[in-house]
Amino acid sequence: MSKLPQFESDFSELNKLYFGTIGSRLMMTAIEMKIFDHLEHPVVSEAVANALDIDPGNTELLLDALCACGLVSKKNGLYQNHQTTSDFLVCGKPAYLGEWYQLADEDGLSFLASLADKIKFGPGDAPEDENMNSEAFCERYTTAHAASSLCCVATNIAEHIKELPGFQSCKTMLDMGGGPAINAMAVVQDNSQLRATVFDRPSVARLAQTYIEAYGFGERVTAVGGNYLKDSLGSGYDLIMITDTLYYEDPEIESVVAKCHGALNPGGMLVAIHAVLTDERTRPSQLVLGLLTETMSGQTCIPEKGYLVNALTRCGFSGITSKMVDIGGTPMEMNLGRK
């Protein structure tokens, strides 16, 4: 008698991968319909359906599914947001991430729909306003970046910066490519004498200044517009911070690093924190998958661990150190060099 085949492997991981896409679509649908805005307090499904003028039966099924996804709780027939959902997926909250996910979703869905074509025929040319290095793209994402910084990224960065030997004696800081200035504000909070300049594209700098004023940092943080690949960075800094922005190849990287060296005071520090790939460019998985839209479209190339060390050395930095740190749940490389 023949025997049925036996397998040592377990296909449940394949199921998790496939059915996980349903969870993401449920979350995005709930964001679009502002479902979470109505779940801040325990409520029956009929009340949510009435408030949004939607089908009560399918509303209950959606809420049950959101519970299965771990976004909502249900007790005695009453639904309520989990704390993480309340903090980050309710409109009007300081760190509302709905816009961030919607922008990523907008780009991701069109990309995934043409994924096979990208693989067959190559990147093609992205429209100018959709290129991730364009002024329009950067301006569009500044508000979304602010929310992600507020939710934990800025705090994580500041925790690592404040541990640097000599940080408390720093008086002047440049946050190069600092976006909405949230990271810079988090860092100056930990040093009462520190003043920061946030340097980014003019349109982004204008938006950054609104956040600076909104959070009351106008006397300690200033936003300046420019192009760090071409323009002067100024001088006299004790600390230059570069986070998640220096994704270039030589000679551009070396040119920027040399410019930073010249802008520092003697003994000053350059700290660079960037997403990097490991394990032959296959990890971390959230980075490989999250940036596939940009990498397959030919708009960026995420570097591998250690990519900045040579540039720091060639540009005259000493005491160079490198380590992996957790920033918002993503492993990132933190490089330090001193002038």
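**Notes on a predicted model**

1. Let's start with two helices: H2 and H3 are oblique to each other (angles under 35 degrees count as roughly parallel, over 145 as roughly antiparallel, 65 to 115 as roughly perpendicular, and the rest as oblique). H2 covers residues 45-52 and H3 residues 56-68, and they pack at an angle of about 120 degrees with axes 9 Å apart. Ser45, Val48 and Ala49 of H2 meet Pro56, Thr59, Glu60 and Leu63 of H3 (contact means heavy atoms within 4.5 Å).

2. Some ground rules before going on. This is a predicted model, where local features need pLDDT of at least 70 and side-chain atom pairs count only at pLDDT 80 or more, while totals for chains, interfaces and linings use all residues. Residues are numbered from 1 along each chain as its sequence is written, and side-chain values use heavy atoms, with hydrogens and water left out. Helices (H or I, at least four residues) and strands (E, at least two) are DSSP runs numbered from the N terminus. Axes are lines fitted to C-alpha atoms, for helices over the stretch in contact, and angles run from 0 to 180 degrees between N-to-C directions.

3. Now compare another pair. H1 (residues 12-33) and H5 (residues 98-113) pack at about 120 degrees, with their axes 10 Å apart. That makes H1 oblique to H5. Their crossing is left-handed. On the H1 side, Arg25, Met27, Met28, Ile31 and Glu32 meet Gly98, Tyr101, Gln102, Asp105 and Leu109 in H5.

4. How many aromatic pairs does a search of the whole structure find? It turns up 1. The ring centres of Tyr18 and Phe19 are 5.2 Å apart and the planes sit at 85 degrees, so the pair is edge-to-face (rings of Phe, Tyr and Trp, using its six-membered ring, pair if centres lie within 6.5 Å; planes under 30 degrees apart are stacked, over 60 edge-to-face, the rest tilted). Tyr18 is exposed at 56% relative accessibility, and Phe19 is partly exposed at 47% (buried is under 20% relative accessible area, exposed over 50%, partly exposed in between, with a 1.4 Å probe and protein chains only).

5. Asn81 deserves a look. It belongs to strand E2 (residues 78-81) and is buried, at 8%. Its side chain makes a polar contact with the side chain of Glu40 at 2.9 Å (a pair of N or O atoms within 3.5 Å; within protein, one must be able to donate a hydrogen and the other to accept it, and residues adjacent in sequence count only if both atoms are side-chain atoms). A polar atom of the Asn81 side chain also lies 2.9 Å from the backbone oxygen of Phe36.

6. Next, a few loops. Pro303, between H12 (292-296) and H13 (309-314), is buried at 10%. Leaving aside neighbours within four places in sequence, Pro303 touches Tyr247, Ala275, Val276, Leu277 and Arg281. A cis peptide bond joins Arg283 and Pro284, with omega about -5 degrees; Pro284 sits in the loop between strand E7 (264-275) and H11 (285-290).

7. Finally, check two backbone angles. Asn76 has a positive phi of about 55 degrees although it is not a glycine, and it is exposed at 74%. Glu280, in the loop between E7 and H11, has a positive phi near 60 degrees and is exposed at 76%.

How values were computed. A crossing is left-handed if the near helix is turned anticlockwise from the far one by less than a right angle, and right-handed if clockwise.
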